[in-house]
Amino acid sequence: MSTLAPDRKAELRRDRSPRKDRLLRGMRTPGGAVFLLLLALLAAVIVVNPSFGEPGSLIRFIGRTAPIAIAAIGQYFVIVSGEFDLSMGSVVTAQVIIAGNLIGQDDAKVLPVLLLMLVFGALIGLINGLVTTLLKIPSFIVTLGMMLALLGLVLYWTGGAATGNPADTFRQIGRGGIENIPVLEILPYPVLILLAIAGGAFWLMRRPYGRTLVAVGDNARAAALTGARVWWIRTRAFILSSLAATVAGIILVGYAGVHPSVGRGYEFTAITAVVLGGVVLGGGRGWVLSAAAGAFALEMLFALLNFAGVASTWRDTVQGIIIVAAVAAGARTWERRRRGASSATHDKQTPIAQPPAVGTNEGGK
Amino acid sequence: MRRSIQSKVTVVAAAALLALTACTTDPSIENPPAAETESGEAAATPAEEGGDEWFDQAAFDEQSEQRSASFTGDPEQPWLQYLEGEMTDTSEFASEGAKKVCFANASISNPWRQTGWITMNQQLEVLVEQGVISEMETRDAQDDDNTQIADIDYFIAEGDCDAFIISPNSTAAMTPAVERACETGKPVIVFDRGVETDCATTFIHPIGGFAWGIDTAEFLVDNLEEGDKVVALRILPGVDVLEQRWAAAEKIFEENGIEATDYFTGADPTEIKKIISDELSTGDVQGVWMDAGDGAVAAIEAFEDAGKDYPVMTGEDEMSFLRKWEETGLTGLAPVYSNFQWRTPLLAVEKIFAGEEVPKEWVLPQTPIPEEERADFLASNEGMPDGHYAKFGGTDLPGYPEVWQERQIP
């Protein structure tokens with residue numbers, strides 16, 4: 001077998017479509033189309049408001065969308081494994097309140113509280129995951145329960161009103177940046193955090209864990225039969241989601257400040273972004289970076305509506321339409337692909353391997 | 001609703017574009033031409049227009065005058081001051097002994113209500129000690145009309161109350177419940193937001209939303225040039241005290257050629273920052289108007305983050321705004337929706353059971369804090385948390401200042 005390996009590699013390389021073709025084919029999937037949508041929206045925004053296209057404003061826009069994109073990446077892990085995480089927004093809110101109440105103006109507390117927040121986030125994800133997988137309660141209900149429980153906790157703790165902002169050093173994470181950068185003026189820290197997380201997520205999805213996660217979302221039973229520990233794979237997805245919400249919360253404390261309304265509706269924004277990124281609800285299909293692109297497309301659309309003079313009260317309506325339209329479009333395209341119709345009509349077929357010659361023993365390979 | 005139909009078309013067009021690109025294979029799909037051609041007009045019109053519905057010229061004029069009227073009573077105790085007018089005779093209620101008070105509260109879900117609620121409880125402590133009140137039973141409706149109606153009905157049926165204090169959640173929905181409370185023949189005290197009945201023994205409130213709108217809008221007009229741009233940040237639609245603030249301000253902005261665009265923020269600082277940064281990337285913003293100070297700091301920070309000059313701004317007498325205002329040195333005004341009014345209902349109970357007459361409509365003073373007075377208020381409220389309100393009027397109560405500093409919400 002090993003002697004054949006170089007041969008097969010060469011064969012694969014030969015049979016693989018050219019990079020251009022693969023890119024084009026990728027763009028035809030919902031997960032690829034979202035990048036085109038993003039570019040189209042960016043162009044539209046710049047037409048409506050040319051100053052938006054300046055590198056300085058663009059990088060600030062990316063900075064302020066970073067927490068939503070990070071939340072979308074977290075939500076992606078859960079959705080692609082076939083579950084939901086509705087507790088995300090409440091986790092953001094709870095973390096924001098924790099930061100506000102525990103850090104205060106004391107710089108020395110920044111690091112310990114930061115650690116505590118990460119542990120708390122991981123714990124929430126662990127509970128969500130274990131209850132969903134071991135007690136076999138639908139994640140929709142589990143995370144809905146978690147969302148309400150956390151909201152109640154926040155309400156109990158704050159009475160529903162804002163407390164003071166934490167120390168400025170902590171807020172720098174979400175508000176500050178590396179200054180005096182040519183062209184960009186400033187490189188906000190949230191952009192760096194987003195880049196790191198997006199890179200990490202991309203890497204993780206190419207690791208065995210990522211492959212198995214998608215397999216579990218596609219067909220949990222089949223994945224289990226191949227020996228995957230489905231419960232632990234899904235639980236880790238919930239932990240990743242809650243950790244992403246925690247990071248989003250840390251950025252938002254800096255960007256916006258402490259208020260019980262911070263994080264409200266984040267779960268739905270994240271789900272919309274993921275769906276817009278072409279990830280199939282129910283799991284098993286979709287790319288992680290498309291989810292992040294979905295978040296940017298969504299925010300870009302809101303910015304477009306805003307610049308076009310549409311009142312923000314329309315936003316929820318738009319978000320609702322997008323969820324329905326994107327799910328419908330995504331389902332149809334993936335279905336077509338599965339049936340093979342799309343490749344038959346659009347793509348040049350290249351056989352994966354030479355058909356075996358008559359009389360040879362196929363199984364011998 | 002003046003919001004143009006074109007805007008709606010843009011929404012539909014944009015949504016349609018989205019649906020199209022999501023399933024199309026053609027990357028060359030164009031941006032919606034609608035968005036380009038209409039934006040010029042659409043952007044020039046304010047995003048929101050609801051002022052007409054809430055504007056009431058008579059109330060506007062009345063409150064405008066009341067701002068400079070002289071109040072009866074000791075200016076050192078503004079929570080007992082009132083405007084001369086019709087009085088309610090309460091001799092029928094005169095009686096000895098400690099009374100049980102039942103308080104149907106709309107909510108304590110914002111820092112203004114929380115501060116007032118703390119003050120009210122400290123005032124209660126005094127009156128319990130004096131033997132005027134035996135206890136106060138409170139039910140918190142958590143911003144829900146139905147809950148509050150149930151709360152009031154519970155008090156009527158089983159509360160064993162000697163007097164009712166009601167801080168209504170909303171105007172129209174609470175009217176029948178307040179009327180039922182009046183029918184018991186016991187004293188009913190309504191404060192803060194109003195109801196559509198005058199059956200209450202006394203209705204306690206500061207001058208009102210129009211006065212707020214006039215004070216703030218006139219300040220901005222005085223400090224800005226004609227044609228300047230003002231961003232108006234509003235918490236939510238449909239609450240009379242807030243709508244009236246904007247209705248008055250919008251009228252004054254229009255009359256003076258100030259270009260004002262209003263947004264609903266839900267007091268969410270993320271939203272506020274986003275709105276201001278988007279506005280700043282479209283063009284310069286010279287003024288910021290707020291219908292409540294919650295989130296004022298986020299608005300100011302958005303200017304800092306964008307590297308723009310500070311706007312002329314009106315916030316509220318919340319400590320976070322006063323502190324940020326002093327720190328930045330911007331041109332500002334802190335309008336006041338007198339927080340000390342939370343003391344008045346309990347003091348009214350004392351008066352009513354003593355048989356002293358009380359104003360039918362108890363209008364309390366409502367004076368903004370200008371820059372000259374800011375230092376005094378910052379000094380007298382030193383150590384108070386950011387969500388505290390400078391004109392809370394509780395310096396003579398027990399527990400001052402620790403209770404407010406630690407914000408012990410009962």
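Mentor: Residues are numbered from 1 along each chain as its sequence is written, and chains are lettered from A, with ligands numbered from 1, in the order in which they are written. Since this is a predicted model, local features need pLDDT of at least 70 and side-chain atom pairs count only at pLDDT 80 or more, while totals for chains, interfaces and linings use all residues.

Trainee: What makes residues 145-158 of chain B helix α6?

Mentor: Helices are DSSP runs of H or I with at least four residues, strands are runs of E with at least two, and both are numbered from the N terminus. α6(B) has 14 residues. Its first and last C-alpha are 20 Å apart, close to the expected 20 Å; that expectation is 1.5 Å times one less than the number of residues.

Trainee: Which residues of α6(B) are called buried?

Mentor: Gln148(B), Asp151(B), Ile152(B) and Phe155(B).

Trainee: How do you know on which side of α6(B) they lie?

Mentor: They cover an arc of only 95° around the axis, so they sit on the same side of α6(B). The arc is taken from the directions from the helix axis to the C-beta atoms. On the other side, Asn146(B), Ala157(B) and Glu158(B) are exposed.

Trainee: What covers the buried residues of α6(B)?

Mentor: The cover includes β2 (99-105), β3 (133-140), β4 (163-167) and α7 (171-183) of chain B. Contact here means C-beta atoms, placed from the backbone, within 7 Å. α6(B) lies across β2, β3 and β4 of chain B and runs at about 165° to β2(B); such angles run from 0 to 180 degrees between N-to-C directions, with axes fitted to C-alpha atoms, for helices over the stretch in contact.

Trainee: Why do β4(B) and β5(B) count as paired?

Mentor: Two strands pair if DSSP finds at least two bridges between them. β4(B) and β5(B) (residues 188-191) have three, in the parallel sense, so they qualify. Phe164(B), for instance, has Val188(B) of β5(B) as its bridge partner.

Trainee: In what order do the strands of the open sheet come?

Mentor: The six strands follow the order β3-β2-β4-β5-β6-β13 in chain B, with parallel pairing. β3 and β13 (361-364) of chain B are called edge strands because each pairs on one side only.

Technical notes:
A residue is buried if 20 or more other C-beta atoms lie within 10 Å of its own, exposed if 12 or fewer, and partly exposed in between; C-beta atoms are placed from the backbone. Two residues are in contact if their C-beta atoms, placed from the backbone, lie within 7 Å.
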